[in-house]
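Let's walk through this one together, feature by feature. Have the model open while you read.

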Amino acid sequence: MMLLHSVCAIFAEPFIKLRQQMENYIVSARKYRPSTFRSVVGQRALTTTLKHAIEQNKLAHAYLFCGPRGVGKTSCARIFAKTINCLHPTAEGEACNACESCRAFNEQRSYNIHELDAASNNSVDDIRTLIDQVRIPPPIGKYKVFIIDEVHMLTTAAFNAFLKTLEEPPHHALFILATTEKHKVLPTILSRCQIYDFNRIGMADMVEHLAYVASCEGVEAEPEALNVIAQKADGGMRDALSIFDQVVSFTNGHITYQAVIDNLNVLDYAYYFRLTEAILGGQVRTALLILNEILSRGFDGQHFITGLASHFRDLLVCRDEATLVLLEVGASIRERYKAMAKQCADEVLFRAIELANSCDLNYKVSRNKRLLLELTLIQLCQLTQAEERKKKALIEPLAPVAPAPAAAPQPTTASVPSAASAVPPAPQPMARPATARPMASVPTSTVAPAEKRPSRPMGLSLRELREGPAKAATMPSASAAVREDLDTPFTEESLRAAWTQFAQGIEKEVHLKHTMLNCEPKLLDAHLFEVVVHNPAQQDELLQKTLSILPFIRRQLQNSHVQLRVRIEEGNQKQIAVTAAEKFALLLKINPALGKLKEEFDLKLD
């Protein structure tokens, strides 16, 4: 019988120890909660200010601690309350944890410190009960401290009932208000408090504290794994410790980078680096396959695109040693970022961040979200090619086209020549090379006869037209920017792309930009394209800027024979009344009674 009891005791002992551990288990967020100013993480400036105020005995009657969740607001309030009531503070300005006041606080039996959760006690009656407690002096120590957490949850009536006591409390009363939303607190309350803004805890401080907790708990943790936990916590130490406990349970005390990203459903850096390589190489199909792999693993599309934008931002800050401090990743990942950043140009990264951010903004309203992501990746893969074409155009400028001979002035009622031939340079004494082709004269616009608007060469203003052909002959040719007689075939899609690229580069002339974006060009033959506008004002804007538009499009298409024609859409032409008779005829159509009025009073038109 005794042998049986001994065997049972041997087998039952591990279970008894496990039960005791479970009963005594405390989560890390509570177990490692700061108890001194020195143990507060990431708020050195605030804790130093509070310690100096205690040492110099310059305590305000009301404080407001505000900041994000989990950064130490309530913990600092408790430490501050314990320290000012400590009977024997240390030389460093910390509580001694040995006197009666400190022991009562640590054992949660202190009558000097009262905490009120304003989220559930936000009525006028709750504030009146607190005011009654304020009148009672502290049994031990100097101050009676009232900590009101989530103070922004108080009702307006409760705030008003609290105002007088907060402004003129008894000499032994001190209030510490804590909130995550300072903007919801009444201005009359804010003006009565010293305000302390708590910052988000930095990545380095958070990783260091997590490493300390891991060493205390006997947990093996990779630095990269702790870095991912810190990033996921987003500046809140309480969230970081909660995630740490979760990962410890998942990995059984051996925290690795792969285990963390699997447990927290975090996209691995490797995906973004693979995607960046595909984008830099212009490999559209590879980028789409990587996206499919990411989505098939259950990751949300918007989570992916926001992470991609952050990845491009991190690559950008790695381009300069001055901004490298903005990169908050582990040491090994940092080296990989620096190596990848050397392959990316600043202009490519600027445009990539813009495209990713635009996709993020349009993601929620898009009906085909996957297509939006794929289209963004296609545009990203084309960035490097566009940058190379731009550099090639700058390094190898095109040779000038041989100028065409001067043409006689054409009548304004007939079709007007194109910009290149309508404004020729002065005749040259040298003979024209046999290889040069004359630019064909193309009508500029088609306007209804009723409009009676004089046609003019594209790019000339009315003032320049009135000054005559002599003035126009001295102007530079529109084709001067194209420096070689090129005739590369192009499609309507490439034409529209060049048109849109010029429009998006316009910054100050908003009306011209909107006109070009709303009126797309249509290719009529191998060299002529037409733009249909809605009104004469849009026609004037395009005609005045032709000397800038045509050279740009010719450079982009590598074709020096491109011509432009602008016309008003049929049905939009309006007759412009000029003389008094024309104005009266127009008004008569609107109101026939004006004719009877003219006859009865024998009115005449001057």
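Q: Let me start with a side chain: is arginine 109 buried, partly exposed or exposed?

A: Quick ground rules before that. This is a predicted model, in which local features need pLDDT of at least 70 and side-chain atom pairs count only at pLDDT 80 or more, while totals for chains, interfaces and linings use all residues. Residues are numbered from 1 along each chain as its sequence is written, and side-chain values use heavy atoms, with hydrogens and water left out. As for the words, buried means under 20% relative accessible area, exposed means over 50%, and partly exposed is in between (1.4 Å probe, protein chains only). Arginine 109 has a relative accessible area of 38%, so it is partly exposed.

Q: Which side chain does arginine 109 meet in a salt bridge?

A: The general idea: side chains of opposite charge can pair when their charged atoms come close. Here a salt bridge is a side-chain nitrogen of Lys or Arg within 4 Å of a carboxyl oxygen of Asp or Glu. Arginine 109 pairs with glutamate 100, at 3.2 Å from N to O. Glutamate 100 is partly exposed because its relative accessibility is 28%. There's a network here too: salt bridges link Glu100, Arg103, Glu107 and Arg109.

Q: How many salt bridges does a search of the whole structure find?

A: The search turns up 24. One of them joins glutamate 167 and arginine 192, at 3.0 Å from N to O. That pair links distant parts of the chain, 25 residues apart: glutamate 167 is in helix H7 (residues 156-167), and arginine 192 is in the loop between helix H8 (187-190) and strand S5 (194-197). Helices (H or I, at least four residues) and strands (E, at least two) are DSSP runs, numbered from the N terminus. Glutamate 167 is partly exposed at 36% relative accessibility, and arginine 192 is partly exposed at 22%.

Q: What about glutamate 509: which side chain does it meet in a salt bridge?

A: Its partner is lysine 545, at 3.3 Å from N to O. This pair links distant parts of the chain as well, 36 residues apart, with glutamate 509 in the loop between helix H23 (492-504) and helix H24 (510-518), and lysine 545 in the loop between helix H25 (536-544) and helix H26 (546-557). Glutamate 509 is partly exposed at 38%, and lysine 545 is partly exposed at 27%.

Q: Which side chain of opposite charge is nearest to lysine 144?

A: For the charge count, Lys and Arg are positive and Asp and Glu negative, while His and the chain ends are not counted. Lysine 144 is buried yet has no salt bridge, and its nearest opposite charge is aspartate 132, 11 Å away. Look for lysine 144 in strand S3 (residues 144-149). Contact means heavy atoms within 4.5 Å. Setting aside neighbours within four places in sequence, the contacts of lysine 144 include Tyr111, His114, Gln133, Pro137 and His172.

Q: How many disulfides does the structure hold?

A: In general, a disulfide is a covalent bond between the sulfur atoms of two cysteines. The test is a pair of cysteine sulfur atoms within 2.5 Å. This structure holds zero disulfides.

Q: Which residues other than glycine have a positive phi?

A: Most residues other than glycine have a negative phi. Glutamate 150 sits in the loop between S3 and H7 and is partly exposed at 23% relative accessibility. Another is asparagine 252, with a positive phi of about 60°. Asparagine 252 is in the loop between helix H11 (237-251) and strand S7 (254-255), and at 66% relative accessibility it counts as exposed.

Q: And the chain overall: how many helices and strands are there?

A: The protein chain has 28 helices and ten strands. Of its 606 residues, 41% are buried.
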